[in-house]
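This report goes through side-chain pairing and chain contact in one model. The structure is shown first, and the notes follow.

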Protein chains: 2
Amino acid sequence: MSTKREQPPGPGRPRDPDADTAILRSAMEVLVEQGFAGASIERIAKRAGVAKVTVYRRWSSKETLLADAIEAARDAIPAADETETPAEDLPGIIDQLLPQWSEALVRPELRMLTARLLGAGPDHPRLLAAYREHHLEPRRERALATLRRARDAGVLAPDADLDMLIDMLNGAVVQYLLLADDTPDPAAARDYLERLFRQAGLRGPAADTPPSAR
Amino acid sequence: MSTKREQPPGPGRPRDPDADTAILRSAMEVLVEQGFAGASIERIAKRAGVAKVTVYRRWSSKETLLADAIEAARDAIPAADETETPAEDLPGIIDQLLPQWSEALVRPELRMLTARLLGAGPDHPRLLAAYREHHLEPRRERALATLRRARDAGVLAPDADLDMLIDMLNGAVVQYLLLADDTPDPAAARDYLERLFRQAGLRGPAADTPPSAR
């Protein structure tokens, strides 16, 4: 194991952001290749070219490191509340983000990470729990806030069950990531997302669109 | 390994249905406990109390055996076309099957099997492909046929995207199986399914129900 970048730990020593990035990327790669059982801190540190202690200084457990690594790999995917378009114009937000969401859906590592994460329950419940608590639940709260504003603006039915809608949207995307054809392309992924948002009623009130054009 | 139940293979020798049942049950148990990597034919045969050759006489590969074992564990869950209620009365079918579906959703082994199966892609793509081809796709065709009849009868909108609707329904159920609270009960599962079917528009035309009652 290379220890070139390692320095003695000490109070007040600033964290090295480059090392953090390298560790997160290495953790993601090792997780994709080896699964949770094989993704040891030792192997991740070696891949990142740092000492184990450098990893432990920042992450207290393998679970939190892997949960953060998965999240870092998702960071390139913008959320609905990260555009300047107001939530009241949900169809506008969707149009704006569709190209990036479509690209994300065909990234092999996202497909692999999703499979690893959702398959982790039986053998690695603490990992799944850490990811759910630190990442999934906060993200759901943000999505709920966006959907509430869209509902209040009349884009969604007044009695829409927003929590369930999020499960249906997330669930369909997971079906696509885990079960779709082995060689999807961004155009096919975009078509899938457009159909999903339409069937979910997120493209605006149905009354605005004549049935023949839907 | 016990070989007490083993007999010499020979042409015309009838298959033993009890052995088949024991093998499928053992395969499911070993898969739940050990995952795909640990679910060897040898271990499954030993658990079932049969010789390996008895397993191979019936299943040519570990992939097909495990796919059949997962499906056997699902067999207790009735499909929408297995009631005597016609597809035109989709809300009636749902009411009829909700108790059994709710019970299924809280069965620990179904939750474990779903996680194992959907997590299998990266390391065991042939298993996932075998399950998709032999079980998921035929079941989807049957569901599509039921939904088409319901749509033609006016239960669903004429322009409903039925294939997408199935992904959204399956996807939400998978979210519930893999990510819900650790100790769900059938009443909570039933409430979840009722909300899902309502938001998906499967409880009949919205115009029939005043918003305040939905």
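## Terms and model

A residue counts as buried when its relative accessible area is under 20%, as exposed when that area is over 50%, and as partly exposed in between. The structure discussed here is a predicted model.

## Aromatic pairs

Trp101(A) has a relative accessibility of 15%, which is under 20%, so Trp101(A) counts as buried. Phe197(A), at 8% relative accessibility, is buried as well. Over all chains, the search of the whole structure gives four aromatic pairs. One of them is formed by Trp101(A) and Phe197(A), with ring centres 5.8 Å apart and 45° between the planes, a tilted arrangement. Trp101(A) belongs to helix H5 (residues 90-105) of chain A and Phe197(A) to helix H9 of chain A, and the pair links parts of the chain that are 96 residues apart.

In chain B, Trp101(B) and Phe197(B) also form a tilted aromatic pair, at 5.8 Å centre to centre and 45° between the planes. Trp101(B) sits in helix H5 of chain B and Phe197(B) in helix H9 (residues 186-199) of chain B, so this pair ties together parts that are 96 residues apart in sequence. Both residues, Trp101(B) and Phe197(B), are buried.

## The contact between chain A and chain B

The contact involves 32 residues from chain A and 32 residues from chain B. Between them the two chains bury about 3200 Å², and 58% of this area is on carbon and sulfur atoms. Ten residue pairs are in polar contact between chain A and chain B. On chain A, the side that touches chain B draws at least two residues from each of helix H6 (108-118), helix H7 (125-152), helix H8 (162-179) and helix H9 (186-199). H8(A) gives the most, with twelve residues. By class, this side of chain A has 18 nonpolar, five polar and nine charged residues.

## Salt bridges across the interface

Side chains of opposite charge can pair when their charged atoms come close. Four salt bridges are found across the interface of chain A and chain B. Among them, Arg195(B) meets Asp161(A) at 2.7 Å, N to O.

Arg116(B) and Asp123(A) form a salt bridge at 2.6 Å, N to O. This pair crosses between chains, with Arg116(B) in helix H6 (residues 108-118) of chain B and Asp123(A) in the loop between H6 and H7 of chain A.

## Salt bridges within a chain

Over all chains the count comes to 32 salt bridges. In one of these, Glu29(B) and Arg47(B) meet at 3.0 Å, N to O. Glu29(B) lies in helix H1 (residues 17-38) of chain B and Arg47(B) in helix H2 (residues 41-48) of chain B, so the bridge ties together parts 18 residues apart in sequence. Glu29(B) is partly exposed, with a relative accessible area of 26%, and Arg47(B) is partly exposed at 38%.

Glu88(B) and Arg149(B) also meet in a salt bridge, at 3.1 Å, N to O. Glu88(B) is in the loop between helix H4 (62-74) and helix H5 (90-105) of chain B, and Arg149(B) is in helix H7 (residues 125-152) of chain B, 61 residues apart. Glu88(B) is partly exposed at 35% relative accessible area, and Arg149(B) is partly exposed at 42%. In chain A, salt bridges with shared partners join Glu29(A), Glu33(A) and Arg47(A) into one network.

Terms used. Residues are numbered from 1 along each chain as its sequence is written. Chains are lettered from A and ligands numbered from 1 in the order in which they are written. This is a predicted model: local features need pLDDT of at least 70, side-chain atom pairs count only at pLDDT 80 or more; totals for chains, interfaces and linings use all residues. Side-chain values use heavy atoms; hydrogens and water are left out. Contact means heavy atoms within 4.5 Å. Buried area is the accessible area (1.4 Å probe) that two parts lose on being put together, summed over both. A salt bridge is a side-chain nitrogen of Lys or Arg within 4 Å of a carboxyl oxygen of Asp or Glu. A polar contact is a pair of N or O atoms within 3.5 Å; within protein, one must be able to donate a hydrogen and the other to accept it, and residues adjacent in sequence count only if both atoms are side-chain atoms. Helices (H or I, at least four residues) and strands (E, at least two) are DSSP runs, numbered from the N terminus. Ala, Val, Leu, Ile, Met, Phe, Trp, Tyr, Cys and Pro count as nonpolar, Asp, Glu, Lys and Arg as charged, and the others, Gly among them, as polar. Buried means under 20% relative accessible area, exposed over 50%, partly exposed in between (1.4 Å probe, protein chains only). Rings of Phe, Tyr and Trp (its six-membered ring) pair if their centres lie within 6.5 Å; planes under 30 degrees apart count as stacked, over 60 as edge-to-face and the rest as tilted.
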